[in-house]
Structures are given as C-alpha cells and as structure tokens.
Amino acid sequence: MTKAVQFDEYGDIDVLQVRDVPRPSPGVDEVLVQVRAAGINPGEAMIRKGALHDRFPATFPSGQGSDLSGVVVETGHGVARFAMGDEVFGYTDDRASHAEFVVVPASQLVTKPENLSWEVAGSLFVAGTTAYAAVGSVELTAGDVVVVAGAAGGVGTLAVQLAKAAGATVIGIAGPGNDEWLTAHGVIPVNYGDGLADRIRAAAPQGRVDAFLDFFGGGYVELAVNELGVDPRRVDTIIDFAAVERFGVQSVGNAEGSSPQVLSELAALIVDGKLEVLVAQTFPLDEVRSAYELLERRHTRGKIVLVP
C-alpha cells in the first residue's frame, strides 16, 4: 500500500483525506514514478470546491494534482525513453500527483536536469506552461507595456519574467510586500486597491497600456478593457471565465502550453539563470490541508509544494 490524497465530495479543505491505496502499476507506454515533489495550484482548489464542475467535473473518489517530479521505479511495455532510477519531471492529466507513487504516460515526462531542484521541477508544469502560453497569447514586442494582475503568485512571478524577456515594460499588480522582489526583476510594482487604474497610468510610459494578463480574477478584466482601454484581443485571463464571454477577451493558459517541449524550454531557462521559480513553502503529504489553507489565502509569493 501507498499514500495518496483523495476526496469523496466537493467541499472545503476538510474533505481532503490522505489514504492508503494500492500501489499503481504502469501500463503500455507508462512509467511508475516515486514522487519527490508535487506543486499545488489554485485550480485544484476550485475543482475540489465544485466551482469548475461544468468545465472539469470530478469523479469520486477523486485524487488531485498535475505537477510532479520524481524517480522512475518501474516501466511499462513499450517504454524506451526511461529506465529505473531516472530522475524526471512532468505532469499527469489524471489528477493523481499528490501521492507517493503515480503512473504517468512516458510522453508527459522529461529528464530532470541535475541542477534543477526537486521542488522547482515538481511545481513547474501548471504555473510554467500557463505563464508561457498566456504571455505568448498577447504577442508582446519590444516597447509594449503589459500589466500583470497577480504578479507575485505562482504564475505571475514567472509571467512577469517572461514578459520582461520579450522586451516589454512590465507593470505588476501585487501587495506592497512584493515591491522589492518585483523591482529587483525589472518590474514596476503597483499595489492593488482603490484608485488602481490611476496608479497604473501614472506608472506606464506615456500612460499607455498595450496588453493585460489577469492571473487573479475579481474584476481585473473589466478594469483592463473599460478603464485602461486595452484591446480585448490583447487581454488574457486564466480565471475569470465570465469576463471572457462578456468582453471577448482571451482565456489562454495551461491547456495551450501543455507539452514536454515547453517544460524543457522553461527548465533550460531556469538552469541558465534566466528564469527564477520561487518556492514559498513545502509541506509533507500528510499536511496537504495546511498547504491548501495557505494557498487559498492568496497572498503567497511563488509556489507551495508537497514533498511526499
């Protein structure tokens, strides 16, 4: 037997259980990974609460988790790319990475560079591919001004760096405790709260905003379109689906960025010192409720990671 996080009904953090389950076995073209680290993400909390039932319904008992890094301990028939003992990272589409062992299609894993930590590798997939795809969706070029809402979160901290690398002037919306980190990464910090649109215009060169990335929700799309005058085609939100319908903005994120190729590209940037992934805190698997309690406060800079 081995341990895995499961829940039997939609609800708050208290529905999460760490259970003894049979150790899974890999099928054709699959590998069994002993998980060393697995990131947690806001979307998983929303699924657990039932808030995304129409889009991503759960089948009970449900596991959770996509991100993972670990060691290959068994390979299924047809797997030639990996062998026992290989260090890998990647993702599962089966909501299953918050566990000690997980079966993963070999096509959804890449080799972990030696100098990429387990925690960073194991929390890279959702945040990294989301940031990569979202930044790409607004087609930034040198001289553009882009505003990023949720700039200090798991996705936002990566997106501001990728947007900066694209040559844009980046304005990051976050709390005052993140001003120093954002400034150190070449981002203009603007604190959220009343009068935000005016502060953004004051911070933007010539008061102009060309693109907007919303990683937080709660009305930022409306602010971008109605108050800042950003073309809806250059606004992307990964969370405010109602605003997508209302304003005709984009909703490009993890689904569009999901690929081993993107993961490898992001890992190379990290290893080369061109991209920083912040790990805010780690928790053992048995403390998964505490991990999500911290996540759902929505004030953490960077990633929260489970370490089974």
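In this predicted model, Phe 125, Gly 128, Thr 129 and Tyr 132 of helix H3 are in contact with Val 262, Leu 263, Glu 265 and Leu 266 of helix H10. The two helices, H3 at residues 125-137 and H10 at residues 260-271, pack at an angle of about 95°, and their axes are 10 Å apart. Because angles of 65 to 115 degrees count as roughly perpendicular, H3 and H10 are therefore described as roughly perpendicular to each other.

- Sorted by class, the contact of H3 with H10 is made up of 5 nonpolar, 2 polar and 1 charged residues.
- Glu 139 belongs to the loop between H3 and strand E8, the latter covering residues 145-149.
- The backbone at Glu 139 has a positive phi of about 50°, although this residue is not a glycine.

**Second largest pocket**

- The second largest pocket holds about 310 Å³ of space, and its lining consists of 21 residues.
- Among these lining residues, Ala 4, Gln 6, Gly 63, Arg 95 and Ala 96 are the ones that lie nearest the centre of the pocket.
- Two elements, strand E1 at residues 2-6 and strand E6 at residues 101-105, each give two or more residues to the lining of this pocket.
- Of the elements that contribute, E1 gives the most to the lining of the second largest pocket, with 5 residues.
- By class, the lining of the second largest pocket comprises 11 nonpolar, 7 polar and 3 charged residues.

**Cis peptide bond**

- The peptide bond that runs from Phe 60 to Pro 61 is cis, and its omega is near -5°.
- Pro 61 is placed in the loop that lies between helix H1, at residues 42-49, and strand E4, at residues 67-75.

**Annotated span**

- According to UniProt, in an unreviewed entry, the feature "domain: Enoyl reductase (ER)" is placed at residues 11-306.
- Within the model, the span of residues 11-306 is 30% helix and 23% strand, and its end C-alpha atoms lie 20 Å apart.

Definitions and conventions:
Residues numbered from 1 in each chain as written. Predicted model: local features only at pLDDT ≥ 70, side-chain atom pairs only at ≥ 80, totals over all residues. Heavy atoms only, no water. UniProt positions renumbered as here; feature names shortened; annotations may be inferred. Helix = DSSP H or I, 4+ residues; strand = E, 2+ residues; numbered from the N terminus. 1 Å grid on protein atoms, 1.4 Å probe; cavity = no way out; pocket = protein on both sides within 12 Å on 5 of 7 lines; lining within 4 Å. Points joined across faces, edges and corners; volume = space filled by probe spheres on them. Nonpolar A, V, L, I, M, F, W, Y, C, P; charged D, E, K, R; others polar. Axes fitted to C-alpha atoms, helices over the stretch in contact; angles between N-to-C directions. Parallel < 35°, antiparallel > 145°, perpendicular 65-115°, else oblique. Contact = heavy atoms within 4.5 Å.
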